[in-house]
Amino acid sequence: MIEITSQKALTDTFLQQKQHFANNTYPSYQDRLSDLTKLKAILIDNQQAFIDAMSQDFGHRSADDTKLGDILSTVMGINYAIKKLKGWMKPEKKHIGILFQPAKGEVIFQPKGVVGIIAPWNYPVFLAFGPLTTALAAGNTAMIKMSEYTPNTNILLAELVANNFPHKKVAIVCGEADMAAAFSSIAFDHLFFTGSTGVGKLVMKAAAENLVPVTLELGGKSPTIIDDDIDIKTAVSRLILGKTLNSGQTCVAPDYLFCPENKVAELTQAFKGAYQTMYPNTQDNVDCTCIINDAQKARIDSLLTDAKAKGANIIPLIPDSSNGSSRKMPLTILTNVTDDMSVMQQEIFGPLMPIIGYKKIDETIAYINSKPRPLALYICSFNKAFQQKVLLNTHAGGVCINDAAFHVINDDLPFGGIGASGMGQYHGSEGFKTFSHSKAVLSRGRISLGSLLFPPFGKEIHQLVYKLFIR
């Protein structure tokens, strides 16, 4: 069995993994290191196969979008886990108060068991193998439900995983929405989901039936703020790759942008110059990734149609010569946008960039705070006071200052959302702890003074303890 495509196989595999974990409740350092090394080898040895499979799934996907967004990012995470694994596995010493001496306290990090991972289509390898990396580092088994939108990648992953791991340790699950619903309903020891806020609510509801702990990595509208003092071309150079990578189909891509209102025209021209240098054309350009499918393309087109009908200025940064026949889209700037437009209400997840002019930063902060808390927030400024004002007065899952999106692939930075953009974190040590149970252990030796506090109460020792510690 390579890929799981039926609900019976899904249940059978879960039970196999439960039994395997029951027989291996604390894998050794060497076992975990071996698993991570195998995972890395799958990526290193099959790069072209992954590039080809993802390009088939997207209709065309830039080889470098795959190398940067899926392969490099995942390999870096695995390398970091390998480097830090021994330290992560060590018990963490804790302070024990004088009242409870002699004793020692520590936290041991125990694998949770069988982890369920639901991966989306936009970075299918990174968002499957990323959480898998820290799940295996923590000593768990894992089942991964892949998106139905990436069938070629799924088949390749299923084959490669089956060649390197037994199903009782790591298994790939395929199938449509019915399989996703069945997957969410399993009594996993931890359920990890990456996807939209709407589907995240359904996943959390299903998990609640079995009191399964969840990590939700969702989306939202991630704002960018450009300071009045920064050079506009510099600001664009720091933002544009985070927006254009994977044609904007990235959960942490800048979603809309605040610019000093007297510089909106200058900003538009700076985007146009930078974009035309990166992508002189889209239709015949191997560096330009397609929108994943016709439904997503139609959704993005509808955002443009709605915005134009309601008075927005639509500015493609290069002429779109497709006549609607291609899913390759140029980055398009929208100005004069208003809150009643769908593009300002929905996560864009594509190559559209609304720009809002502002006069005072306080108004911008108030606007951001009036919306659901985003997965990311970006600040373009070299002014420390400006940076701190935005940092301390807004909430977001993560922040980049003078960069965009690439906090996600920095090994030791936790990644996660807040509020409507998600709950829980992973990557690095935070990922290890997410997939571990932090078990508190209080340990006493041969000597214990606890009996001094036994009843009958009212003895002098009780009065002394109350006097010393209730103050």
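Visitor: Which way do the side chains of strand 6 point, and are they buried or exposed?

Guide: In this predicted model, Val-170 and Ile-172 of strand 6 (residues 170-173) point one way, while Ala-171 and Val-173 point the other. All four residues are buried, where buried means under 20% relative accessible area, exposed over 50%, and partly exposed in between (1.4 Å probe, protein chains only). Strands here are DSSP runs of E with at least two residues, and helices are runs of H or I with at least four, numbered from the N terminus.

Visitor: Which way does strand 1 run next to strand 6, parallel or antiparallel?

Guide: Parallel: strand 1 (residues 3-4) is joined to strand 6 by two bridges. Two strands count as paired if DSSP finds at least two bridges between them. Glu-3 sits opposite Ile-172 of strand 6. Strand 5 (residues 141-145) also pairs with strand 6 in the parallel sense, over four bridges, and Lys-145 has Val-173 as its bridge partner there.

Visitor: Before we move on, how is the numbering done, and what's the confidence cut-off?

Guide: Residues are numbered from 1 along each chain as its sequence is written, and side-chain values use heavy atoms, with hydrogens and water left out. Since you asked about confidence, this is a predicted model in which local features need pLDDT of at least 70 and side-chain atom pairs count only at pLDDT 80 or more, whereas totals for chains, interfaces and linings use all residues.

Visitor: OK, salt bridges. How many are there?

Guide: The count comes to 13 salt bridges, each being a side-chain nitrogen of Lys or Arg within 4 Å of a carboxyl oxygen of Asp or Glu. One of them is Asp-189 with Lys-18, with the closest N and O atoms 3.6 Å apart. That pair links distant parts of the chain, 171 residues apart: Asp-189 is in the loop between helix 7 (177-184) and strand 7 (190-194), and Lys-18 is in helix 1 (residues 7-23).

Visitor: And how exposed are Asp-189 and Lys-18?

Guide: Asp-189 is partly exposed at 22% relative accessibility, and Lys-18 is partly exposed too, with a relative accessible area of 33%.

Visitor: What does Lys-221 pair with?

Guide: Lys-221 forms a salt bridge with Asp-255, the closest N and O atoms being 2.4 Å apart. Lys-221 is in the loop between strand 8 and strand 9, and Asp-255 is in the loop between helix 9 (232-244) and strand 10 (256-260), so the pair ties together parts 34 residues apart in sequence. Lys-221 counts as buried at 15% relative accessibility, and Asp-255 counts as buried at 3%.

Visitor: What about Ser-222, where is that?

Guide: Ser-222 lies in the loop between strand 8 (214-217) and strand 9 (223-226). Ser-222 counts as buried because its relative accessibility is 0%. Its side chain reaches the backbone nitrogen of Ala-376 at 3.2 Å.

Visitor: Which residues share salt-bridge partners?

Guide: I'll get there through another pair. Asp-294 and Arg-327 meet in a salt bridge at 3.7 Å, N to O. Asp-294, at 56% relative accessibility, counts as exposed. As for shared partners, salt bridges join Glu-92, Lys-94 and Lys-433 into one network.

Visitor: Back to strands. What's the bridge partner of Lys-94 in strand 3?

Guide: Lys-94 has Gly-105 as its bridge partner in strand 3. Strand 2 and strand 3 (residues 104-111) pair in the antiparallel sense over three bridges.

Visitor: What's the strand order in that open sheet?

Guide: The order is 2-3-19, three strands with antiparallel pairing. Strand 2 (92-94) and strand 19 (436-443) are the edge strands, each pairing on one side only.

Visitor: Last one: where is Val-203, and is it buried or exposed?

Guide: Val-203 is in helix 8 (residues 197-208), and at 4% relative accessibility Val-203 counts as buried. Its C-alpha atom is separated by 21 Å from that of Ser-436, 233 residues apart along the chain.

Terms used: Polar contact = N/O pair within 3.5 Å; in protein donor to acceptor, adjacent residues only side chain to side chain.
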